[in-house]
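Reader: Could you walk me through this model? I'd like to start with how one chain is built and then move on to its neighbours.
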Amino acid sequence: MTFWVIASYFLGGIVAYVLARPSRKIGAFVALLFSIYPLYALIPALDGGFYLRFTVIPYYLHLSFRLTLLGWFFALIAATLYSLSLFSAYSEKRDSFFLLSSMFSAGGLMGVFLAADYLTLFIFFEIMAFFSAFTFIREHRRSALKYIIYSLVGSYAFLAALLVINRSTGSLEITPLSGFGGSVPAVMSLFILAFWVKSAVMPFHPWAPSAYADSPHSYTPFFSGALSKSGVYGLVLAFFYIFAGFFKSHHAFGYIFAWIGALTALFAGIYALLQDDAKKLLAYSSISQLGYVAFGLGLGTSLSITGSLFVALGHAVFESLLFFVIAAVYIRTGTTMLTEMGGLIKKMPISFIALLFGIIAAAGIPPTVGFPGKWMLYEAVLEKGYPLLAGAIFAASITAFLYCYRLIYSIFLGPLKKEFRDVREAPFPALVPLLLLLIPLLFFGLFPGYVVDVTDSILREFGYLGVPHTPAKLLSGLGTFNGLAVGITMGAAFVIAFLVHAVFSRSRKVSELNNYTAGEVAEGVSMHYVADFYKFIERELHGFLKLRVEALFNWIAEGIGGLGEVLRRVYAGDIQAYLVYLILFLGFLFTLYRGVLRW
Amino acid sequence: MVILEFFLVLIGITALGLLYGGIARKWSARIQRRYGPPFYQNFLDVFKLLGKKNTKSHGVMFALGPVIAFTGIILSLFFLPLGNSRPLLSFEGDIFVLFYLLVIAPLGMALGAGEAANPNATIGIARGLTLMLGYELIFFLSAIAVMVKFNTASLWKIVEIQGTFPKWNLFPFFLSAFAGLIALQGMMGEKPFDLIVAPHEIASGPMVEYNGKYLGLLQLYHAIAIVVETGLFVNVFLGGGSILTFILKTFFVFMLAVTIDNIMPRFRIGQAVKFYWKYPLIISLLGILVVFIWR
Amino acid sequence: MVSPILAIVIPLAIAFLMPFFSALSRKSVKWVFLAVIAFNFYAAIMTFLRVLSGPILVVTAGIKPPFAINLLIGPLGGLLFLLFEGVAFLYAIFLLKAEIKEPVHRFFMLFLLNVAGATGMILTGDLFNLFVFLEITGISAYGLVGFKRDKKGLEGGVKYLILGSVGSTLFLLGVALLYSQVGTLNMADIAGRIWMLKKPTLYAAFIMFLVGLGVEAELFPMNAWVPDAYEGAHDTVTAILSTVLSKAGLYALIRVVFTVLSPQKAFLDLLLWAGLITLLLAELSALRQKNVKRMIAYSSVGQMGLVVFAFGMGSLFALQAALFQAVNHVLSKGVLFLSLAIMGKKREGLELENLRGIGRELPVTGLLFSIGALSLLGLPFLSGFWSKISLLLSTADLKLWVPLGLVLLASIIEAFYYLRTIGVFYTGTDFRFRETAFIRLLPVLVLVFVILYLGFRPGVLAPYLKGAAKELVDRSGYIGWVIGGLKP
């Protein structure tokens, strides 16, 4: 079964590629069928895992897979998002190669979640990275290359780590590290680098904004919502399973990582405010959310890990929902720039509602899926007694309100642009993922306990205690949160407020120009306050914004390129020089062996 | 019976908020050597606005905005302990929930105002959200000092632990309380942080397009917000007591804010945020340091 | 039952008959050429199959070694023989439709000489004979590189000529040095008497061999001719230079170091670092290269460096990995150069900008190129991945952490410029579909098929690689084959 969960994507990718050549529709439909099978196969596998080992390669290496609960949790998220993204892709009229590469990347992701040994993990990690880059390397070469190089640096570091581990322990199986001879912190740093990069936690995030912005709009939800989870998966595995002994005995490491996560959440949030491209904004928002995840993992208590996993799920739901909305809007407007849209609420009401719920969740307002995870993180940090960390993530969540508002305002509110007078609601397939994602968005907000059921089992596998809960209620050491109660009260309060609104006389709908300016708007003057929305913050943070890690990485890359440019001159094209090299080399060799060559 | 209690609290607090607003107007007028409107003027305003026949709307969200704002503030109210009594709704980790619920109301208003296609409204909102980056953080940091000390995330428990007058958190946590007070000034949008409405610059910002019953709803929201925001501060720093003392304390805190409002000029938004990130931040961080030394 | 010696003799003989065939019918030349190569391929298959059951000793003039020149084909020779002739056969098919500058028969003559020389190099068991074949290969290659007689071709050819001559002279010096001490030219015989050598002589001989053969094996700093020669040469010539010739040179180097001179630690370390430096320098040079053919030339040098590096590690496992990597290099570079040749026909010049959108215009060629490149940079489930991972595993086995890091760094650089190239190939949309003739695609398709097949079943190669590696490690076994045990 596990085999077919993965194989289905690869097989489906090839079949869809072939079929999509004559008919795009059939191709997309077949891809959907093949992508739904893994979902169907995964859902009943809730109880326990099973172990499947088969040898693909009759060499000395083999691939092995097993279904752990952690893997299952993430695999299910990924499978769901991928199937949904195909609906959107269908509306976007994506070509056969897109189907192939996106299917392969999904298969790679599944392989990562189901791998039972490091090599398998590495192999599928590579496949995932390459094929996700191939989805957009044709249109946006630069960002695809940037993405792939960051990925490769990470995954090669991981490869080095696995080689070290293999050399020392003689086994590639993913087990808690024991009998390791070398320096654990060093190998752990190498090990987690790949996942660090993939989850786009700072300072290894610079690939993410451009990659998320430039990847196909229907693919980005999966890219951001699911692919980044492979990073989270790896980090969880590293901290609480493979290097658990080290992690538990070195609190400083976890503490520092928690700070990295918190600052990622905060800084990415600030960057998100200042983006003019909706997809870039969401990309930074995505980084910010993953900062929370990293923060929770760093704290390393059962409550915080549960919180992290919950945020990871929440992120998968609402961030992809938001990206799906952008995809739907793009289909109709042909732009993702916030400054070019406006007032679409009248034309695309369903997309608007989806985006509204999406930002409510992204801002972490209860009772949506965005809140319980954050609540657990706050409780956990309070329990540990780290007020500054709490402050940092709280500041990060304030930035979430700011960019969320900017997103919805710029696209859907404000005056309608002239060129969008005749825009219609997005085609139905593009709306399917929006509507379907609203269900988990609200359901898991009201009943967070169902998620905690799963995370508890995961935690127990790692030797942690679970978080006490009932379906609607979560209990921490410090307090409780009842999603359903908040939901019901909110509903009631809304009814009260609505009644106040409804009992009084009906209002009269007027044109948007019938306002404070009394219709005296000069021709061609935009009434849409979108550009430089948070200029004040930009101005105040001017000095801070100039500091960019990306510049450092670019500098390194430039340095290597420049070095190549210089070293290339070694091949000067001058035969005399070449002869000199040869003689020098001879001389060098004779000097090298001068001790031996003394007759 | 329970539902009746809910309504009682709702109506009572709304009336209280309107009353506070009226008194504040009178008080401001006195400071400025005007006569000022009667203290019940806000009631009249709200009734007039709600009863208006000719209400204009710019769209669904425009109409729903005030409703959501009102919803949000009612919801927050139910989580707020009024004096020593348990709030209507509570679970023990509710202070974080309350922080998030408090955001619903401004968000609702912002969404509604956004549809009005009036740049003044949006500028006001942008300013408001930016300011949030200042005061919310400061308020959170000053509250978390108390939370860490008492090791609880329950607002009601914090009230209960402090007890009455001499044992108020204000005294041991005077730094945090001071920072919290500055944050409160911004939270309530009083000068020098009134740049959200800033009538002289952006024509009362988010409210600029609202009229009739929508404006009425917003005024109701504003009335409750006064009590909820000052109440939050009172609960964290000024101890418990009967509901009457609670009302008195909120009144004094509010009047303090109004007084400061009257003697202060207005910050530019950049200045305001920068200000928050400087002195109040340092003060609140010192407050946290105090907790750690004290432990 | 075909004697492997025919695979050297027949091409040599036919090569000199080429003018005659040309006079008979100008069209017949390429068919004759194809037939000869096909025969060689057939001989290689037969030999390969025979080698499975034991090494083959071919004795000339009826005298037993070490007194006469002998050929010895062990598992290593068998493997390379099959690889060389197979690839050459594919190139021969490719050449059927190629545009070749007149006089065509001379081109094919040189090509045949080249193949014969390379074949001789890997089959012979005699050191002087090796030198002769090295010269045949080299001289025919100089001619081939300069065959276009344009500026670039001639420039490359001359550079190659000068460096190549210096190299073979040094090699000859080394041979002379050994002969003066040991008094024999038979490789096995020398190997058996290597203890007679004083240490200085041994080291001096090593230096001569390393520098001499380093020219063909593309080791830095003797590899400076490579970019110019590769760029200037006819596409198929480049392909054969990069795949067959470099491997023949490498084989000679490895054979001399491992079998003849005995693998001293100092020698291996030098190979290791020379390989590593070659790798890094070549990859860095390729990074900013605008001309795709030149870029792949650098990459080819880099790959050779990687292979030499792996040989330098010297463990049985590393040798297997090195051979595997060499096989993959042959397959990938064959694909790359041939598909680039197809692309070059459609566009003016092989600058990267000129090739924009070529993948849309030639979808099949583009795909094949991509697969070749991806295999080279180690995408899982392509053949190149398995060799790279085996190589890295053996590096880790020896705890060579710094070289491991450097190899990974080089891989990242390589990935960058190959992916950039692939990206450019698929940029743009408005290109017409103009795929090339099937017969030209066929060789590339075959190579890609092998890459894919090995990608999923890398195990099929394992026993052969193991045998070949053992042959290199087990010196006394080799000596025994020649001097004692084997019946001719």
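Author: Helices here are DSSP runs of H or I with at least four residues, numbered from the N terminus. The model is a predicted one.

Reader: How many helices and strands does chain C have, then?
Author: Chain C has 20 helices and two strands. One of the helices, α6(C), has 32 residues, and at 1.5 Å a residue these should span 46 Å, which agrees with the 46 Å between its end C-alpha atoms. Just after α6(C) comes Gly183(C), whose phi is positive, at about 80°.

Reader: And what radius of gyration does chain C have, against that of a compact globule?
Author: The value for chain C is 21 Å, in agreement with the radius near 23 Å that a compact globule of 488 residues would have. Of those 488 residues, 65% are buried, and among the contacts in chain C between residues at least 6 apart in sequence, 80% join residues at least 24 apart.

Reader: What does the contact between chains C and A take from each?
Author: Chain C gives 47 residues and chain A gives 46 residues. On the side of chain C that touches chain A, α17(C) supplies the largest share, twelve residues. By class, that side of chain C holds 33 nonpolar, six polar and eight charged residues.

Notes
Residues are numbered from 1 along each chain as its sequence is written. Chains are lettered from A and ligands numbered from 1 in the order in which they are written. This is a predicted model: local features need pLDDT of at least 70, side-chain atom pairs count only at pLDDT 80 or more; totals for chains, interfaces and linings use all residues. Two residues are in contact if their C-beta atoms, placed from the backbone, lie within 7 Å. Ala, Val, Leu, Ile, Met, Phe, Trp, Tyr, Cys and Pro count as nonpolar, Asp, Glu, Lys and Arg as charged, and the others, Gly among them, as polar. The expected span of a helix is 1.5 Å times one less than its number of residues. The radius of gyration is taken over C-alpha atoms; the globule rule is 2.2 Å times the number of residues to the power 0.38. A residue is buried if 20 or more other C-beta atoms lie within 10 Å of its own, exposed if 12 or fewer, and partly exposed in between; C-beta atoms are placed from the backbone.
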